[in-house]
Amino acid sequence: MLKGKNAVVTGSTSGIGLGVARALAKDGANVLINGFGDKAEIEAARTAIEKEFGVKAIYSGADMTKPAEIAAMIATAEKSFGSVDVLVNNAGIQHVAPIEEFPVEKWDAVIAINLSAAFHAMRAAVPGMKARKWGRIINTASAHGLVASGEKAAYVAAKHGLVGLTKVVALETANDGITCNAICPGWVLTALVERQIEARAKASGKSVEAESIALLSEKQPMHKFSTPESIAALAVFLCSDAAATITGSAYSIDGGWTAQ
Ligand code: NAD
């Protein structure tokens, strides 16, 4: 379905982003992967995509806190592939603290990576999509883009902002063959969530298993993690012709979290 299309997935060296990059490649797209981590592991992930799916995969180490590096990443993909047809703004970090103790530099970093980076990437990629009259933009928001939890001031603000930004870009591109949607996952067991579970276990003295169940049951009626593969399948659907008129939407995939 995506043969001949070219995708950029930010924050795709692990977790949901890697799952999305692999699913887009499986569907035929060339992919630019991005994010931090061990050099050898990133190179292994990149070559695995090329070998398993017969597409071109390139890596950009662009830092999503740096607007110039984000613009350069989009330019690199356009130069290497000829276009950016699919943009998945997925890079994200979390920090948990009460408002009065929230470190200012953590606020700035969460807003930069989870919200502003998507603005900079869309600003750079939309002109090419408009010129070619085809584009798919998917922003990884969160259940926290729709509802709040305590001690997550920056994350909840960034994800609510990202859902709003998704709607604006959807309106502006509605007649340019471009769609722009947000995916709002509940709990997905990735490094980002493992760190939160470990912190809870350390604080409570309970086991990681007990804290995993506690974390799930506090928010989700369904006591089950979504998987990067299930989020990726939704992203692939949003790139399909069947989804050509879906734009400006925020899709929950959250075990019932936001149904409450
Ligand atoms: P993860 O920690 O496995 O992946 C985060 C990715 O972002 C990594 O590739 C990391 O290297 C990259 N990244 C971090 N800072 C970066 C920076 N400055 N520049 C470039 N890349 C950077 O986490 P994940 O759970 O896969 O999260 C992916 C997205 O999904 C995030 O936006 C997160 O908020 C969102 N999300 C996750 C969950 C969940 O339960 N895991 C739920 C809802 C939303």
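**Around the ligand**

Let's start with the ligand in this predicted model. It has 31 residues around it, and the ones that come nearest are Thr13, Asn90, Tyr155, Val188 and Thr190.

Asp63 uses its side chain instead, placing a polar atom 3.0 Å from a nitrogen atom of the ligand. As for how much of the ligand gets covered, the protein buries 95% of the 830 Å² that the ligand exposes when taken alone.

Now zoom out a bit. The ligand takes up the space of the largest pocket. Which helices supply the shell around it? At least two residues come from each of H1 (15-26), H5 (153-172) and H6 (191-204). H6 gives the largest share, with four residues.

The shell also draws on both domain 1 (6-186 + 227-253) and domain 2 (188-225), taking at least three residues from each. And what is the shell made of, by class? Count 15 nonpolar residues, 13 polar ones and three charged ones around the ligand.

Technical notes
Residues numbered from 1 in each chain as written. Predicted model: local features only at pLDDT ≥ 70, side-chain atom pairs only at ≥ 80, totals over all residues. Heavy atoms only, no water. Near = heavy atom within 4 Å. Polar contact = N/O pair within 3.5 Å; in protein donor to acceptor, adjacent residues only side chain to side chain. Areas by Shrake-Rupley, 256 points an atom, 1.4 Å probe, with all protein chains shown as cover. 1 Å grid on protein atoms, 1.4 Å probe; cavity = no way out; pocket = protein on both sides within 12 Å on 5 of 7 lines; lining within 4 Å. Sits in = over half its atoms within 2 Å of the grid points. Nonpolar A, V, L, I, M, F, W, Y, C, P; charged D, E, K, R; others polar. Domains from an automatic or database assignment.
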